[in-house]
Amino acid sequence: MRSLMRHALTSWDRENMTAARMFGLQQKGIIVRESGHWRLTTLGVKFASATL
């Protein structure tokens with residue numbers, strides 16, 4: 001599971017990871033902000049596994 005999340009995070013285009021993009025992903029329920037770190041939700045993991 002962690003390797004899937006790590007692969008999904010590293011494969012995203014880092015230039016698209018602006019604050020606005022992160023906020024948009026948060027609104028869609030794909031990521032959450034916990035303890036100062038971004039984390040994939042269950043929906044985010046499903047999305048990442050579908051795009052691999």
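Reply: Two strands are taken to pair if DSSP finds at least two bridges between them. Helices (H or I, at least four residues) and strands (E, at least two) are themselves DSSP runs, numbered from the N terminus. This is a predicted model, in which local features need pLDDT of at least 70, side-chain atom pairs count only at pLDDT 80 or more, and totals for chains, interfaces and linings use all residues. Residues are numbered from 1 along each chain as its sequence is written, and side-chain values use heavy atoms, with hydrogens and water left out.

The protein chain contains three helices and two strands, in the order α-α-β-β-α from the N terminus. The predictor's confidence in each residue is given as pLDDT, from 0 to 100. The average for the protein chain is 77, and 63% of the residues score at least 70. Confidence is highest in strand E1 (residues 31-34), with a mean of 90, and lowest in helix H1 (residues 2-11), with a mean of 58. Where pLDDT is low, the predicted coordinates should not be read in detail.

Strands E1 and E2 run antiparallel and are joined by four bridges. Glu34 has His37 as its bridge partner in E2. Two residues stand between the strands of this hairpin, where Ser35 adopts a positive phi near 55°.

Glu34 also takes part in a salt bridge with Arg39, the side chains meeting at 3.7 Å, N to O. A salt bridge here is a side-chain nitrogen of Lys or Arg within 4 Å of a carboxyl oxygen of Asp or Glu, and by this rule the count comes to one. Residues are called buried under 20% relative accessible area, exposed over 50%, and partly exposed in between (1.4 Å probe, protein chains only).

The loop between strand E2 (37-40) and helix H3 (42-51) holds Thr41. Thr41 is buried, with a relative accessible area of 17%. Its contacts (heavy atoms within 4.5 Å) include, once neighbours within four places in sequence are left aside, Gly29, Ile30, Ile31 and Val32.

For the protein chain as a whole, buried residues make up 21% of the 52 residues. Of the contacts with a separation of 6 or more, 27% are between residues 24 or more positions apart.
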